[in-house]
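User: Hey, I'm new to this one. Can you walk me through it?
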Amino acid sequence: MKLDLLITNARIITMDPGRPEARSMGVWHGLIVGFDEEISNDHAARELDLAGATVVPGFIDAHCHTAWFGQTLLGLDCSAAASWSEVYDLVRERAQGVAPGEWILGTGLTPSALTGERDLTSLDDAAGDRPLYLRHTSGHALTTNSEGLRRAGYFDGTFEAPGGRGVPTDDAGRPTGLVEENAQECIQNLVKPYPEDLIVRGLDLATRRYASEGITSFTDAGIGLGWIGHSPAEFAAYHAAADSGRLHARAQVMPVMDTLHALPEPGELDASGTGPRLGLDLGIRTGVGDDRLSIGPVKIFSDGSLLGETSAMHDALCGGSHSRGEFLIPPDRLIDVAEQAYRAGWSLAIHAIGDRAVDVAMDTIEHCQAHHGPGPAPNRIEHVGVTNPGQVSRLAELGVAVTPQAAFIGSLGKHMSGLVGPEKTEWLYRGQSFVEAGVCVAGSSDRPVADGRPLLGIQRAVDRTTDEGFVIGPGERMTPYDALKTYTVNAASATGFGDSRGTLAPGYCADFVVLGSNPLEVASIEDIEILQTFVGGEATYRRA
């Protein structure tokens, strides 16, 4: 047989229990065809001697926001700011390069990490006559100025925020510049839809970064409409990026629930019932696409964020608000719309961070599975930020995949621990408890909310250490092998590609990463060098 690529002199960690390691690997037409003795008599068009380097399956980020991350690489980056004063300086500098009256667009703002206070007058002075839209890293809030609020109609006496709230005011009744949750749409709708070329440029930059970090597949967890999307034609932008060679990893996208609409019933009703269905025209649903670009589950938001103290909790948080959070959609309505989408062929990916929201998400998925059977891809709960022991076992019973972000422990762990209190710190973004219960834990970053490097996520799953040096939930530490598994085998299964990705085995996609060290043997996993990244046997990244 004439191979397209032959990898030799490597230490290959396959993640396949039937053949855990190998020294050589053959690739033909983008697929792995065999190892060692299976390919000993084969010739190859290309041979790559790795001089003993380690090879692992390509990393899969099962929950990130790639189009959004791409815009952070194009816009004003506030992530390095340590104070509100620095934010004002960044805005002032950016304003000099923005035409009068045009929007100043920025991302990476983390108010909890800033000293000082948000001040609307200072924001106005910095931006001049230009409206301001600074997206918070959580995605659940933004900061604007008076000109932005004016354009949204805030000062004309008839303004109504979506949902009736979300634009806080000070003691004098003056807006602070903060806009939260669904109310963000009053600002975002003024700058959307983003032009296709702008989205494509962002995808190019974002997925080039992914390749340099060993990412070969990802799921963009929310495109289209709502406060997380950028354009109703966002999927077309993904196609344009793929067609023009500017999508450097395999992509799965989740349309947000807002993109679906009522569908006519089929001519002959089946046993699943006669209720309405929500979907897309032509029967487009979960699973449509190919191995480079496909449609995943529908994304449904049930609650807010832990840092914003809007995650739906059974007990009040220990933060300043002592809040139990809120549901972005009433639980009974959530079950109703989820079932309507499920009947139209959509698997579910429900955003649920607080333990109360996790219960509602499990109720919803259990109802849909019991009445309509399994979905076309695994049903998922996104984040599962706070889970009690009983919820862990129930998740396993339901066969639900989960995407807790281990990297949050590093950058946000101390703050989150203070919000839930010492009794519930062990419940934060669990790891080992899920593994022991048999829950499919998929590696994910929620980027750009946090640093999205898979090796960092694996490190934090292993050590559970905050950036300040505190250990958050030591009982939730995972072994290096199980942590690596989250970003390979498990992430592939959670995204519906467990039979073609995430493992190095004959017939699987030749998606792999060449590492400078073995992640199962070194203490500092996050510092391992990415030497090369391959998608379908073709290099997407080589270290300079």
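This is a predicted model: local features need pLDDT of at least 70, side-chain atom pairs count only at pLDDT 80 or more; totals for chains, interfaces and linings use all residues.

User: How do β21 and β22 pair, parallel or antiparallel?
Analyst: They run in the parallel sense, with 4 bridges between β21 and strand β22 (residues 348-352). In that pairing V298 sits opposite L348 of β22.

User: And which way do the residues of β21 point?
Analyst: V298 and I300 point one way, while K299 and F301 point the other way. All of them are buried.

User: Switching topic: what's the strand order in the open sheet of 4 strands?
Analyst: The order is β6-β5-β2-β8, and the pairing is mixed. β6 (31-35) and β8 (47-49) each have a single partner strand, so one side of each has no neighbour in the sheet. From one strand to the next, the twist averages 20°.

User: How do β2 and β5 pair in there?
Analyst: Strand β2 (residues 5-8) and strand β5 (residues 25-28) are antiparallel, over 3 bridges. L6 faces G26 in β5.

User: OK, what about the largest nonpolar core, how many residues does it have?
Analyst: It has 90 residues, and F59, Y238, L348 and I381 have the most contacts inside it. Helix α9 (residues 355-372) gives the largest share, 7 residues.

User: What is Y238 in contact with?
Analyst: Leaving aside neighbours within four places in sequence, its contacts include T66, A67, L203, F218 and D220. L293 is also one of them.

User: Which residues does the second core include?
Analyst: That separate core of 23 residues includes V256, F408, I409 and V420.

Methods: Residues are numbered from 1 along each chain as its sequence is written. Side-chain values use heavy atoms; hydrogens and water are left out. Buried means under 20% relative accessible area, exposed over 50%, partly exposed in between (1.4 Å probe, protein chains only). Helices (H or I, at least four residues) and strands (E, at least two) are DSSP runs, numbered from the N terminus. Two strands pair if DSSP finds at least two bridges between them. Axes are lines fitted to C-alpha atoms, for helices over the stretch in contact, and angles run from 0 to 180 degrees between N-to-C directions. A nonpolar core is a set of buried Ala, Val, Leu, Ile, Met, Phe, Trp, Tyr and Cys residues joined through side-chain atoms within 4.5 Å. Contact means heavy atoms within 4.5 Å.
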